[in-house]
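We will go from stop to stop, picking residues and looking at what surrounds them.

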Amino acid sequence: MPTTSSEIVALATTNVVVHPLVLLSVADHHARSAARSTNKRVVGILLGQDNGKSVNVANSFAVPFEEDEKDPKTWFLDHDYIEGMWGMFKKVNARERMVGWYHTGPKMRASDQEINELFKRFIPRPVMVIVDVREDTVGIPTDAYFAVEEIKDDGTETQKTFLHVPSSIEAEEAEEIGVEHLLRDIKHSTTTTLSTRVSEQLASLRGLQSRMLEIRDYLRSVAKGDLPINHQIIYHLQDALNLLPDLDDPAKTKAFTTNTNDQLLVVYLSSLLRAVIALHALVDNKESIGKAELEEKKEGEDEKKAKATNGKKANSKHEPETSTTKDADKGL
């Protein structure tokens with residue numbers, strides 16, 4: 001377990017890459033378990049490669065796990081099941097190793113440290129990934145942690161804690177194709193590309209808002225003295241704020257305004273063209289309907305005239321026959 005500052009700094013730069021197959025397996029595991037208990041979290045093993053600077057999580061499998069919600073120190077994990085499943089997975093893909101474990105939190109529990117210590121029997125440096133399977137979750141649903149021993153500044157006894165490390169969702173080409181086919185079945189078929197892009201941007205903005213609220217709550221807690229100052233977090237926040245543009249500069253403000261006006265002008269012209277095209281289509285539709293009605297009316301009048309003409313011809317044929325019959329009667 002890392003204890004020195006250099007080891008902790010090196011560990012903090014480790015990136016954990018989670019593949020979509022793992023997320024699907026975790027979601028399926030939780031869905032099957034939620035049928036029995038909605039508040040129950042599930043635990044499983046993560047498989048992949050640990051390259052030192054990055055951890056590639058490519059596969060996973062579920063593990064039988066039970067815990068007492070009232071007493072967090074009471075929990076059960078089947079060791080024999082892990083060894084049996086790991087033996088079968090080694091026969092299928094020898095490149096994949098056990099790299100850590102996951103649970104569906106969605107937050108940390110008091111027993112996480114004890115469970116992590118148990119997994120060190122199988123994994124030298126286990127990574128813990130918390131997967132948030134809630135439907136209203138925005139942003140990346142994974143949080144990765146490594147267990148470290150925190151050194152106190154006052155020289156007191158070290159304390160075991162978890163160090164948060166960056167995580168990302170990446171997929172290979174075959175996985176991307178599978179995810180696209182899966183999303184086609186989930187999403188509505190009548191959804192247009194524009195509405196899809198707008199909904200994705202809206203989800204991204206909601207994720208950004210949630211992160212900003214977390215940062216605000218953290219800074220408020222630090223200012224009140226509820227949480228200790230973490231200089232590493234403050235440095236990262238300062239770097240992020242330094243990337244923001246200086247809106248007090250008149251030149252930058254004018255450039256932003258000009259760019260926004262140009263984009264809005266394009267949107268306005270597009271709306272005008274769309275309205276003109278729609279009106280043109282409406283006029284053409286009414287004109288075609290009017291012509292069709294006139295043609296139908298003309299055809300109806302022609303049919304009436306034809307019927308009237310045929311009736312007159314039939315009457316004219318019957319009248320001479322009647323007169324001839326009368327003459328014959330007179331002769332008799």
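A salt bridge is a side-chain nitrogen of Lys or Arg within 4 Å of a carboxyl oxygen of Asp or Glu. Keep that in mind for the opening stops. Note too that this is a predicted model.

**Stop 1: a network**

Select Arg 41, Glu 67, Arg 109 and Asp 112. These residues are linked in a network of salt bridges. Side chains of opposite charge can pair when their charged atoms come close. How many salt bridges does the count come to? The count is twelve.

**Stop 2: helix α4**

Pick helix α4, residues 112-119. Is this helix mostly covered or mostly uncovered? It is mostly covered, with six of its eight residues buried. Asp 112 is among the buried ones, along with Gln 113, Ile 115, Asn 116, Leu 118 and Phe 119.

Glu 117 has a relative accessible area of 28%, so it is partly exposed. Lys 120 is partly exposed as well, at 27% relative accessibility.

**Stop 3**

Move to helix α2, residues 20-34. Select Asp 28 and Arg 32. Both lie in this helix, four residues apart, which is about one turn. Their side chains form a salt bridge, with the closest N and O atoms 3.0 Å apart. Arg 32 counts as partly exposed because its relative accessibility is 48%. Asp 28 is partly exposed too, at 42%.

**Stop 4: a bridge between separate parts**

Select Lys 40 and Glu 66. Their side chains meet in a salt bridge of 2.9 Å, N to O. Lys 40 lies in the loop between α2 and β2, while Glu 66 lies in strand β4, so the pair ties together parts that are 26 residues apart in sequence. Which cover does each partner have? Lys 40 is buried, with a relative accessible area of 18%. Glu 66 is partly exposed, at 44%.

**Stop 5: aromatic pairs**

Switch to ring side chains. The whole structure holds three aromatic pairs. Start with Phe 61 and Phe 89. This pair is stacked, with 5.1 Å from centre to centre and 20 degrees between the planes. The pair links distant parts of the chain: Phe 61 is in strand β3 and Phe 89 is in helix α3, 28 residues apart. Both Phe 61 and Phe 89 are buried.

Next, select Tyr 145 and Phe 162. Their ring centres are 6.4 Å apart and their planes meet at 70 degrees, so this pair is edge-to-face. It also links distant parts of the chain, with Tyr 145 in strand β8 and Phe 162 in strand β9, 17 residues apart. Tyr 145 is buried at 15% relative accessibility. Phe 162 is buried at 14%.

**Stop 6: a contact across the sequence**

Go to helix α6, residues 193-224, and pick Ser 210. Ser 210 is partly exposed, at 22% relative accessibility.

**Stop 7: a charged patch**

Finish on the surface. Select Glu 293, Glu 295, Glu 296, Glu 299, Glu 301, Asp 302 and Glu 303. They gather in a patch of negative charge. One of them, Glu 296, is found in helix α8, residues 250-331. Glu 296 counts as exposed, with 56% relative accessibility.

Key:
Residues are numbered from 1 along each chain as its sequence is written. This is a predicted model: local features need pLDDT of at least 70, side-chain atom pairs count only at pLDDT 80 or more; totals for chains, interfaces and linings use all residues. Side-chain values use heavy atoms; hydrogens and water are left out. Helices (H or I, at least four residues) and strands (E, at least two) are DSSP runs, numbered from the N terminus. Buried means under 20% relative accessible area, exposed over 50%, partly exposed in between (1.4 Å probe, protein chains only). Rings of Phe, Tyr and Trp (its six-membered ring) pair if their centres lie within 6.5 Å; planes under 30 degrees apart count as stacked, over 60 as edge-to-face and the rest as tilted. Patches are made of residues with over 30% relative accessible area and no salt bridge: like charges are joined within 9 Å, nonpolar side chains (Val, Leu, Ile, Met, Phe, Trp, Tyr) within 5 Å. Accessible areas come from the Shrake-Rupley method with a 1.4 Å probe; for residues, only the protein chains shown count as cover. Lys and Arg count as positive and Asp and Glu as negative; His and the chain ends are not counted. The place of a charge is taken as NZ of Lys, CZ of Arg, CG of Asp or CD of Glu.
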